[in-house]
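Notebook open, viewer open. I'm jotting down what I look up as I go.

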Amino acid sequence: MIEKKIHSLSVWCFENLSGHEGIDHFVTTRRGGSSRPPYNALNLSFNVGDDPETVLNNRTTVAEALGIALANLTTARQIHDAHVKIVSEALRGRGSTDYQSAIEGTDAMVTNVAGVCLMVLSADCVPILMYDPAKEVIGVVHAGWKGTLCLIARKTAKVFQEQFGSSPHDIRAGIGPSIGPCCFEVGPKVISQARDRLGTSKEYIRNKSANGKGYFDLWGANLRQLVQAGIPEKNIEVAQMCTCEHADVFFSHRSDKGQTGRFGAGIVIR
Ligand SMILES: [Zn+2]
């Protein structure tokens, strides 16, 4: 990924999604907003206990810097499940200024409606941005370990193909900053679920210890899902940025002991 400074705001962009005329995209950091600890500073979530007015100010700062109308920012009530929502014109801007109006219970959104900025919110969970320049379709995914085990990334890629006629060879994807296999220690229960759902735990659980714990590679598991959906690996960029190790730059649920804000990963068709 590459860091871009827009006015005083710092955002991160995927190299493989940059240079496409048809879209804008971004991953925000925790820097540059006005939220107080433990949400300091650029918290974009209305659902973590932060002051709503401050969150709205933060979102306005981001929208203005990126040249996106706040009214087009479209978010969901994320529930760590595998539902993929197709965002029609009627859903444009849901959740832009409050939590209640956010799209109900979904962790992935796909649209071909120009100007609708799809955004997922994250602090350790894996944000994924997707784009098919041939069919002009975009998607966002929020995949924590539960969503990863529900195969939400693969399901989203399938929605591109089945609902929008995308060829997987055309789809580009970026796997964003999130907790890495360096830090994401999980217990035997998660490891056994990973084995059941992903077919193997060997590939995705590293450094298993005698007490049955290990380190879950969410990046690899989501990369594999996208490849299984037919997307060429060369079309997929993995940020390789661990939020837990860079908790000064990104919000990290684990590093901040559960009390923290959320950064945003978004994409919009121009
Ligand atoms: Zn790490």
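How do strand β8 and strand β9 pair, and over how many bridges? I looked: β8 (residues 126-132) and β9 (residues 137-143) are antiparallel, with seven bridges. My note on terms: strands are DSSP runs of E with at least two residues, helices are runs of H or I with at least four, and both are numbered from the N terminus. Two strands count as paired if DSSP finds at least two bridges between them. I also checked one spot, where Ile 128 sits opposite Val 141 in β9.

Before going further, a reminder to myself: this is a predicted model, where local features need pLDDT of at least 70, side-chain atom pairs count only at pLDDT 80 or more, and totals for chains, interfaces and linings use all residues. Residues are numbered from 1 along each chain as its sequence is written.

**The open sheet**

Next I looked up the sheet order. I got six strands in an open sheet, β5-β6-β9-β8-β10-β14, with mixed pairing. The edges are β5 (84-86) and β14 (236-238); each has a single partner strand, so one side of each lacks a neighbour in the sheet. From one strand to the next, the twist averages 15°. Helix α3 (residues 152-164) packs on this sheet and touches β5, β6 (108-111), β8 and β9. Its direction makes about 160° with that of β9. For angles, axes are lines fitted to C-alpha atoms (for helices, over the stretch in contact), and values run from 0 to 180 degrees between N-to-C directions. Contact means that two C-beta atoms, placed from the backbone, lie within 7 Å.

**Strand β7**

Is β7 mostly covered or mostly open? I found it mostly covered: six of the six residues in β7 (117-122) are buried. Buried means 20 or more other C-beta atoms within 10 Å of a residue's own, exposed means 12 or fewer, and partly exposed is in between, with C-beta atoms placed from the backbone. In a regular strand, side chains alternate between the two faces of the sheet. In β7, Cys 117, Met 119 and Leu 121 are on one side, and Leu 118, Val 120 and Ser 122 are on the other.

I then checked the partners of β7. Strand β4 (residues 73-74) pairs with β7 in the parallel sense over two bridges, and Thr 74 stands opposite Leu 118. Strand β15 (residues 263-269) runs antiparallel to β7, joined by five bridges. There, Met 119 has Gly 266 as its bridge partner.

**Cys 182**

Cys 182 is partly exposed because 13 other C-beta atoms lie within 10 Å.
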